[in-house]
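Keep the viewer open as you read.

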Amino acid sequence: MSRPNNDTLLRALMGEPTDYTPVWLMRQAGRYLPEYRETRARAGSFLDLCKSQSFATEVTLQPLARFPLDAAILFSDILTVPDAMGLGLYFAEGEGPRFERPLRSAEAIRALQVPPMESLQYVFDAVSGIRKALQNSVPLIGFSGSPFTLACYMIEGGGSDDFRNVKALMYSQPELLHHILDINARTVIDYLNTQIEQGAQAVMVFDTWGGALSTPAYREFSLRYLQQIVDGVIRTHDGEAVPLVLFTKGGGQWLDDIARTGCDAVGLDWTTDISLARARVGHHVALQGNLDPGALMGSPEGVAREARRVLDDFGPYHGHVFNLGHGISQFTPHDNVRVLVSTVHEHSRAMRAA
Ligand code: 1CP
């Protein structure tokens with residue numbers, strides 16, 4: 001397996017020098033693209049898209065055909081993992097994801113097991129299909145949800161704005177929550193390692209809801225299991241380093257702890273000042289982020305200004321991957337994405353020449 005022709009992302013994640021700052025966008029393949037909506041309509045449902053190698057490959061490549069992005073990200077979802085554990089994922093029309101059998105009893109929790117990786121074969125087939133289709137142009141990022149974020153969906157049965165069932169369990173029977181988190185961590189390790197073996201060239205863990213925790217609860221219920229993942233994921237494949245990115249949304253105050261796990265890069269949402277973040281974590285890890293996704297709703301000039309501001313705030317150092325602080329909105333005008341990508345490339349080249 002050879003290195004991609006454009007390996008800027010991999011180099012930046014490892015803190016190595018690059019000619020410019022690489023850029024990709026969380027949820028870059030999604031509903032803001034008409035071609036995505038067209039493929040999704042042809043596929044049937046979102047899950048049908050994820051479960052078909054050819055559809056998943058097609059939508060992964062769509063944003064790359066439009067914009068000179070520096071990475072592809074596997075088209076799938078974090079909720080494939082609890083689905084493989086038997087919770088029954090479905091998408092109610094016009095609503096978000098839901099589980100038929102959320103974890104609501106001690107019996108259901110104790111019965112939870114690490115699923116056989118064969119039950120996620122469609123994800124690994126998507127990884128190998130996408131790798132083939134990319135023809136070594138840019139690297140492919142694999143991903144998983146964090147043990148805590150997965151547990152949130154598994155316990156609540158879908159999205160939540162207060163996580164009341166998760167918190168009830170945490171503050172009454174923490175050992176049951178730890179049981180779920182331990183199963184999730186072991187599953188995530190197998191899942192990421194299999195993605196790497198099938199061709200993922202970097203991996204990212206999305207801890208979308210870790211920021212809903214108090215500091216001691218974050219350490220006990222999220223960070224501890226992120227550490228288990230950092231320790232369990234194979235960090236090289238076929239002689240190449242496979243960088244590991246940890247992203248806790250709302251985790252700005254815990255960046256030092258996250259960096260100390262030994263991951264290669266830390267994701268930043270837009271509420272954290274990237275210059276202070278860089279000063280705090282030094283050069284031990286790379287940083288990925290941190291444009292406000294809402295900036296893409298403004299004028300093209302505003303997008304360019306805000307992109308330059310983030311690059312300038314990070315400063316003339318190595319180890320920055322430009323991204324949004326969270327997923328791109330479905331209402332984003334594509335022309336703003338084009339402006340964003342070209343501004344990041346041009347301004348970061350100019351910064352290096354200065
Ligand atoms: O077409 C549609 O209507 C489905 C919308 C959609 C998409 C495009 C969902 C449902 N998932 C995805 C793809 C997806 N999800 C990717 C693909 C690759 C890319 O980035 O291009 C990734 C990386 C995810 C990860 C994901 N799913 C996260 C972590 C990142 C984040 O956004 O915080 C989370 C929390 C989910 C759960 C999920 N899946 C879908 C929705 C709408 C949600 C959020 C549910 C909620 O909390 O209410």
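Let's start with Q28, which sits in the loop between α1 (8-13) and α2 (34-43). Helices here are DSSP runs of H or I of at least four residues, strands are E runs of at least two, and both are numbered from the N terminus. Residue numbers start from 1 along each chain as its sequence is written. This is a predicted model, so local features need pLDDT of at least 70 and side-chain atom pairs count only at pLDDT 80 or more, while totals for chains, interfaces and linings use all residues.

Is Q28 buried or exposed? Q28 counts as buried because it has 26 C-beta neighbours inside 10 Å. (Buried means 20 or more other C-beta atoms within 10 Å of the residue's own, exposed means 12 or fewer, and partly exposed is in between; C-beta atoms are placed from the backbone.) Skipping neighbours within four places in sequence, Q28 is in contact with P63, L69, I73 and I328, where contact means C-beta atoms, placed from the backbone, within 7 Å.

R31 is also found in the loop between α1 and α2. With 15 C-beta neighbours inside 10 Å, R31 counts as partly exposed. Its contacts, again leaving out neighbours within four places in sequence, are Y36, R37 and Q330.

## What the UniProt record says

The unreviewed UniProt entry puts a "binding site" feature at R27, Q28, A29, G30, R31, D77, Y153, T208 and H326. These positions spread over 300 residues of sequence and are spread in space too, up to 22.5 Å between C-alpha atoms. UniProt positions use the numbering given here, feature names are shortened, and annotations may be inferred rather than shown by experiment.

The same record type gives "domain: Uroporphyrinogen decarboxylase (URO-D)" (unreviewed entry) for residues 22-31 and 141-157. Residues 22-31 are 0% helix and 0% strand, with end C-alpha atoms 23 Å apart. Residues 141-157 come out at 59% helix and 29% strand, and their end C-alpha atoms are 27 Å apart.

## The sheet

Now for the strands: seven of them form an open sheet in the order β1-β4-β5-β8-β9-β10-β11, with parallel pairing. (Two strands pair if DSSP finds at least two bridges between them.) β1 (72-73) and β11 (320-324) are at the edges with a single partner strand each, so one side of each has no neighbour in the sheet.

Strands β4 (residues 140-145) and β5 (residues 202-207) run parallel and are joined by five bridges. F143 stands opposite M204 in β5.

Definitions and conventions
Contact = placed C-beta atoms within 7 Å.
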